[in-house]
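Biologist: Can you walk me through this one? I would like to go element by element and then look at a few loop residues.

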Amino acid sequence: MNIKKTLIAASIGLALAATAYGAAHSPISARQAAMKAVGGQMRTLGGMAQGKVAYDDFAVISALEIMRDAAASARPLFPAGTEMGEETRAKPEIWADGSDFDTRMGQLLASLDAAIAAEPADLASYRPLFGAIAGSCKGCHEKYRAPEN
Amino acid sequence: MPYGKGAKDEARLLLGGGQAFATPFGTFYAPNITPSNEGIAGWSTLDLANALLRGVSPEGTHYYPAFPYSSYTRIAPQDVADLKAYLDTLPPVARVNTPHELSFPFNIRRSNGAWKLMFLNDDPVIESENPRGQYLVEGLGHCAECHTPRNALGGLDRSRWLAGAPNPEGKGRIPNLTPSGDLAEWSVDDISYYLESGFTPEFDTAGSTMVEVVENLSRATPEDRLAIARYLKALPAVPNP
């Protein structure tokens with residue numbers, strides 16, 4: 001694990017950091033930092049969906065907003081020709097399958113927008129919204145993310 | 001059209017075959033196992049038992065070991081009978097099997113007989129005080145078919161049992177499940193929750209071919225997932241190469 005990457009993502013966990021980082025670095029490290037920031041919010045969102053942490057609507061909305069910005073910043077960071085190098089786990093199918101990958105990014109963003117707009121006030125209304133978001137992570141990682149090396 | 005992979009809901013039960021499995025020996029295509037003429041209509045329970053437990057077809061030919069009978073050989077007879085009864089209830093699919101595309105000498109089916117003498121063995125792989133977990137992992141769950149490396153002939157390397165393997169699809173490695181891998185930091189509950197939901201303790205989501213496995217294990221009982229998790233926690237540690 002790259003320490004710089006971990007520090008940047010962990011210190012703020014914000015998409016802003018990922019974007020600033022992206023300007024100075026390759027698309028591969030930038031998208032990994034952005035994806036890490038997306039993943040960072042899952043701890044809050046997943047813990048609550050699982051019922052391990054008490055439901056807090058304010059914490060949910062902030063996590064969703066941070067995740068949305070991070071996901072939006074990751075979206076343009078998969079240009080053609082970046083399927084190799086820097087331990088990228090992106091599978092070549094991303095570029096071979098035409099627009100499917102970008103459509104899935106769009107679906108993740110749409111599910112995040114929908115959850116933010118719904119302002120879920122309790123666990124019961126939050127859980128299905130979380131399910132849609134988690135389903136889009138899984139579906140894309142199944143097809144387009146290789147296991148770690 | 002390939003059935004199975006990525007299929008959701010009702011389509012998951014259309015077991016017409018066609019899914020491709022890339023291996024170092026060539027590409028295998030899963031066969032039709034529905035009760036149709038192109039599939040296994042007319043098979044008896046004994047035929048299914050011979051296929052699963054011994055890797056032999058009703059015509060007496062040997063299946064290629066890509067069909068995980070080196071794990072399935074441990075399945076209990078009652079489970080084979082239940083499986084047969086269930087397969088008979090599934091919708092028939094009229095899809096003709098795709099021939100495998102294999103490189104020499106693996107394209108010679110006869111060599112599978114010799115292969116089996118060397119590798120087909122239903123002894124327990126490790127000593128375990130958790131018979132249910134052992135049965136599910138070493139047998140039905142066929143976890144080793146992905147998580148254990150193979151020797152030059154394609155047999156599972158028991159000295160590196162579940163210690164991780166190259167990814168036959170290309171990039172990355174299938175993770176080490178022994179206590180030398182990332183699972184050292186996971187509790188039994190963490191593992192069992194991952195097998196149910198696909199979430200790691202950091203809430204990253206499972207990816208790649210493990211998604212399908214989780215999809216299936218999410219339908220197992222909580223007790224069975226816990227038994228699997230306990231078996232993994234008790235594995236002999238084998239460091240990454």
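Modeller: What follows covers chain A, then some loops of chain B. This is a predicted model, in which local features need pLDDT of at least 70, side-chain atom pairs count only at pLDDT 80 or more, and totals for chains, interfaces and linings use all residues. Residues are numbered from 1 along each chain as its sequence is written, chains are lettered from A and ligands numbered from 1 in the order in which they are written, and side-chain values use heavy atoms, with hydrogens and water left out.

Biologist: How many helices and strands in chain A?

Modeller: Chain A has 7 helices and 0 strands. Helices (H or I, at least four residues) and strands (E, at least two) are DSSP runs, numbered from the N terminus.

Biologist: What share of chain A is buried?

Modeller: Of its 149 residues, 42% are buried. Buried is under 20% relative accessible area, exposed is over 50%, and partly exposed is in between, with a 1.4 Å probe and protein chains only.

Biologist: And what share of the contacts join residues at least 24 apart?

Modeller: In chain A it is 75% of the contacts between residues at least 6 apart in sequence. A contact means heavy atoms within 4.5 Å.

Biologist: Now H6 and H7 of chain A. At what angle do their axes cross?

Modeller: Roughly 165 degrees, with the axes of H6 (residues 100–118) and H7 (residues 123–144) coming within 9 Å. Axes are lines fitted to C-alpha atoms, for helices over the stretch in contact, and angles run from 0 to 180 degrees between N-to-C directions. The two helices of chain A are therefore roughly antiparallel. That label applies over 145 degrees; under 35 is roughly parallel, 65 to 115 roughly perpendicular, and the rest oblique.

Biologist: Is the crossing left-handed or right-handed?

Modeller: H6(A) passes H7(A) in a left-handed crossing. Left-handed means that the near helix is turned anticlockwise from the far one by less than a right angle, and right-handed that it is turned clockwise.

Biologist: Which residues meet there?

Modeller: On H6(A) they include A:Phe101, A:Arg104, A:Leu108 and A:Leu112, and on H7(A) they include A:Leu129, A:Ile133, A:Cys140 and A:Lys143. By class, this contact has 10 nonpolar, 3 polar and 3 charged residues. Ala, Val, Leu, Ile, Met, Phe, Trp, Tyr, Cys and Pro count as nonpolar, Asp, Glu, Lys and Arg as charged, and the others, Gly among them, as polar.

Biologist: Switching to chain B. Where does B:Glu169 lie?

Modeller: B:Glu169 is in the loop between strands E4 (165–166) and E5 (173–174) of chain B. Its relative accessibility is 39%, so B:Glu169 counts as partly exposed. Its side chain makes a polar contact of 3.4 Å with that of A:Lys91. A polar contact is a pair of N or O atoms within 3.5 Å; within protein, one must be able to donate a hydrogen and the other to accept it, and residues adjacent in sequence count only if both atoms are side-chain atoms.

Biologist: What does B:Ser208 touch?

Modeller: Leaving out residues up to four places away in sequence, B:Ser208 touches A:His141, A:Glu142, A:Arg145, A:Pro147 and B:Glu169. B:Ser208 is in the loop between H7 (188–197) and H8 (210–217) of chain B, and is buried at 7% relative accessible area.

Biologist: What is phi for B:Leu162?

Modeller: Near 60 degrees, a positive value in a residue other than glycine. B:Leu162 is buried, at 0% relative accessibility.
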